[in-house]
Amino acid sequence: MKTILITGGAGFIGSHVVRLFVNKYPNYNIINLDKLTYAGNLANLKDIEDKPNYKFVRLDICDFDNVLKLIQDEHIDGIIHLAAESHVDRSIKDPFTFAKTNVLGTLSLLQAAKAYWDSLPEKYEGKRFYHISTDEVYGALEMTHPQGIEPPFTTKASSANHHVAYGEKFFTEDLKYLPHSPYSASKASSDHFVRAFHDTYGLPTIVTNCSNNYGPYQFPEKLIPLFINNIRHRKPLPVYGKGENVRDWLFVEDHARAIDLIFHKGTIADTYNIGGFNEWKNIDIIKVLINTVDRLLGRNEGEDLDLITYVTDRAGHDLRYAIDSSKLQRELGWEPSLQFEEGIERTVRWYLDNQSWLDNITSGDYEKYYESMYKNR
Ligand code: NAD
Ligand code: TYD
């Protein structure tokens, strides 16, 4: 494969995927297609923007004519599709935008890829359409063990001193989709379209469903960067409900490595779940963040615990996500590389060292949006 289109490359995960591919594959042309919504930020790619094998194109995935033209003009061989609206709280306020970008935008990209590849003598030979999805499409798992039990499986990402699962059940690839939020419903719908294009037209597709990512360059409306920033500035930490909801956290660079592996070695038409067997209740992770920020800023560890502010729960808040990624480990040999404690330390340090990156985002319009989002909670 020579020319790869990465959509959503100016966002959080996309920027890590673009960086990995541009640096690791100098003989590939990497084209980053991004609309630059509020979540897209070219500052995320400063270190690679001048590389000869990298090009940025500002485009909306819903703009079928121009997407098709780009795919034809650039002779795209492979697509890694990350562009999406990605924040659950926004989807609750504005579901329509999520259906448009996540469902119709994915359909537009599928149609354009199919139209171009159909026109080639070799058709789908050597081509690949890789769709990045989320574990949230599976719905929510029960919390049958609120105190935690030993997980059936561990990985290098699993925390060293917090080694628990909160139920016996995990998300496996054969589970029925049961999305609850407008965000996860739109992602589920896009996953179905991707599979339909394989089953109906033979398009060489792959879908992966990953757990919650954390790391540098995440937009500070998501739990981890938002709270690191608030702790630093001693602003209240809005914990939804009782803070008992469980998420399974994976360092973003490990997700990018999995995407690289699956893009090159994954089986067409297959699905892989990606996660680290690293479940945390929100309130426990928030305490880790407070202790880490306090320590790194030279404050007394835990002195900012009183910033924790319990607020009205998110509507339809999924209780527990927990990924079983053993298929990916077994079939393709993927393993996360970074243990949670090390990943959190690196992440907190990055946000503290890159205050100007945060300041550029959290000023102006975003600040107004943020205030309106949280003032009634
Ligand atoms: P993000 O919100 O940080 O970035 C999304 C990017 O897509 C932005 O650069 C934005 O400008 C771009 N975009 C949005 N609408 C677009 C459009 N219409 N046309 C072109 N570009 C558009 O998201 P993220 O957290 O990096 O997530 C990337 C992908 O990974 C998404 O598909 C998401 O569903 C999936 N995912 C995310 C997580 C997570 O924890 N963040 C976990 C699993 C899967
Ligand atoms: P988030 O980062 O939005 O990811 P997702 O909803 O996709 O899992 O939220 C992670 C968890 O943190 C989720 O259970 C909601 C909770 N949360 C809060 O308690 N307060 C907040 O301000 C945010 C943004 C999230």
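Author: A crossing is left-handed if the near helix is turned anticlockwise from the far one by less than a right angle, and right-handed if it is turned clockwise. The model is predicted, and local features need pLDDT of at least 70, side-chain atom pairs count only at pLDDT 80 or more, and totals for chains, interfaces and linings use all residues. Residues are numbered from 1 along each chain as its sequence is written, chains are lettered from A and ligands numbered from 1 in the order in which they are written, and side-chain values use heavy atoms, with hydrogens and water left out.

The account begins with α2 and α4. Helices (H or I, at least four residues) and strands (E, at least two) are DSSP runs, numbered from the N terminus. The axes of helix α2 (residues 64-73) and helix α4 (residues 95-118) come within 9 Å and cross at roughly 40 degrees. This makes α2 oblique to α4; angles under 35 degrees count as roughly parallel, over 145 as roughly antiparallel, 65 to 115 as roughly perpendicular and the rest as oblique. Such axes are lines fitted to C-alpha atoms, for helices over the stretch in contact, with angles from 0 to 180 degrees between N-to-C directions. The crossing of α2 and α4 is right-handed. From α2, the contact (heavy atoms within 4.5 Å) involves F64, V67, L68, I71 and Q72, and from α4 it involves S108, L109, Q111, A112, A113, A115 and Y116. The residues of this contact of α2 with α4 comprise nine nonpolar, three polar and no charged. In this classification Ala, Val, Leu, Ile, Met, Phe, Trp, Tyr, Cys and Pro count as nonpolar, Asp, Glu, Lys and Arg as charged, and the others, Gly among them, as polar.

Helix α1 (residues 12-24) and α7 provide another pair, with axes that come within 9 Å and cross at roughly 60 degrees. The two helices α1 and α7 are therefore oblique to each other, and α1 passes α7 in a right-handed crossing. On the α1 side the meeting residues are F12, I13, H16, V17, L20, F21 and K24, and on the α7 side V252, E253, H255, A256, R257, I259, D260, F263 and H264. By class, the contact of α1 with α7 has nine nonpolar, three polar and four charged residues.

H255 is placed in helix α7 (residues 252-265) and counts as buried because its relative accessibility is 1%; buried means under 20% relative accessible area, exposed over 50% and partly exposed in between (1.4 Å probe, protein chains only). The side chains of H255 and N213 make a polar contact of 2.8 Å, where a polar contact is a pair of N or O atoms within 3.5 Å; within protein, one must be able to donate a hydrogen and the other to accept it, and residues adjacent in sequence count only if both atoms are side-chain atoms. Apart from neighbours within four places in sequence, H255 is in contact with I13, I132, C210, N213, L250 and I274. K265, also placed in helix α7, counts as exposed because its relative accessibility is 58%. Not counting residues up to four places away in sequence, K265 touches R128 and L332.

Helix α6 (residues 223-232) and helix α8 (residues 282-296) pack at an angle of about 45 degrees, their axes being 10 Å apart. That makes α6 oblique to α8, and the crossing by which α6 passes α8 is right-handed. In α6, L223, I224, F227, I228, I231 and R232 meet N282, I285, I286, L289, I290, V293 and D294 in α8. By class, this contact of α6 with α8 has 10 nonpolar, one polar and two charged residues.

H317 lies in the loop between β12 (308-311) and α9 (326-332), and at 14% relative accessibility H317 counts as buried. Not counting residues up to four places away in sequence, H317 touches Y240, N245, R247 and N282. With N245, the side chain of H317 makes a side-chain polar contact at 3.3 Å.

Finally, V194 lies in helix α5 (residues 182-201) and counts as buried at 0% relative accessibility. V194 and T106 are 88 residues apart in sequence and 7.9 Å apart in space, C-alpha to C-alpha. Not counting residues up to four places away in sequence, V194 touches T106, L110, F129, H131, T205 and V207.
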